[in-house]
Amino acid sequence: MEWWWMQPLREKGIDALIHDQGQIVSRAQLLAAGWSEPRIRRPLRNRRWRAVHPGVYVTHTGPIGYGERLLAALLYAGPEAAWSHYTAAEQLGLIKPDPERRVYVTIPEHRKVLPRAGLVVHRDEHWAARLAAVAPPRRTPTEAVLDIVGIAPSLDEAAAVIAEACQSGRVGAEDILGSLAHRPRLRHRSSLRPIIADVVAGSHSLLEIRYARDVERRHGLPRGHRQRSVDHEFTDVHYTGFSLNVELDGRLHLVPQQRWRDLDRDNRATLRTEATLRYGWFDVTNRACDAAVQVLQVLRRTNPFLDPTPCSPSCPITAFRNISAS
């Protein structure tokens, strides 16, 4: 298999290739350009170049940036390597870059690469079928997301990545669901379908996914309308026919302008005679039952006969169900 950089090398030459690669170059590239071994060793011996990984060099003496580390790792891993997992997702614009994160690459099952600090190497028997048609090589958007899901330590982290990736607009929840069919041994696989369904329904964050699961579904509440647009604003959850909005915010508002925007949105909802309940991360993750009780109380102003479902024998919403049944 030909290296992905061979055509640019033939067309532009080694100097242009080094420039385009942020002053990173590999021994294989230099040899392909006709350099001899003594010529390669000379700038290393003079300390004008440094080895980032065995056979991969940086051609300046300054600090090595994040982008340089990404490319150096890819060149070190060999001709059949591709960015994957978090690295591919960052490069595809699916998640926010994190310079502190290790570099992830995937190689074919038949190859082996010695481990290096700051580099995580995965092997995949379906390597070729999961690559995007772009250089430098990387996984497709859906495969990058599922790569991360496969190593996520918790279902919450897997859900957060799916929500962030879909929110980017560069990958669709339906596409992820389609690729999921080809990953029978994927971690968290059995729990992903309802999460993806929540994203399809309009949940934009992990907090919104947790609200749909832990407050609404587990307590048998009506399903709200996600991301309703009104007055040039979006409401996280709107209960159509009940005049109730639920706003979910996992941030601590230290910025006065953001706090004012939230208050203004709540005030305009009041002017439309709509009630607003606002919940943060702690409310949804630690007091979901109490939040469900509050939502139910507002919903019953319109429909007194709503009958909720307790999530456990000790769930406080049980008392409200008994009142409804009496």
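The model is predicted, so to speak of local features a pLDDT of at least 70 is needed, side-chain atom pairs count only at pLDDT 80 or more, and totals for chains, interfaces and linings use all residues. Residues are numbered from 1 along each chain as its sequence is written, and side-chain values use heavy atoms, with hydrogens and water left out.

**Around E90**
- E90 sits in helix α6 (residues 85-91); helices here are DSSP runs of H or I with at least four residues, numbered from the N terminus.
- E90 is buried at 6% relative accessible area (buried is under 20%, exposed over 50%, partly exposed in between, with a 1.4 Å probe and protein chains only).
- The side chain of E90 reaches the backbone nitrogen of D98 at 3.1 Å.
- Beyond neighbours within four places in sequence, E90 is in contact (heavy atoms within 4.5 Å) with Y66, I95, K96, P97, D98 and R101.

**Where α8 meets α10**
- Residues L155, A159, I162, A163 and C166 of α8 and S191, L192, I195, I196 and V199 of α10 make the contact between these helices.

**Cysteines**
- The model has 0 disulfides, a disulfide being a pair of cysteine sulfur atoms within 2.5 Å.
- C166 is buried, with 15% relative accessibility.
- C311 is in no disulfide, and its nearest cysteine sulfur, that of C289, is 3.4 Å away.
- C311 is partly exposed, at 38% relative accessible area.

Note on methods
Helices (H or I, at least four residues) and strands (E, at least two) are DSSP runs, numbered from the N terminus. A polar contact is a pair of N or O atoms within 3.5 Å; within protein, one must be able to donate a hydrogen and the other to accept it, and residues adjacent in sequence count only if both atoms are side-chain atoms.
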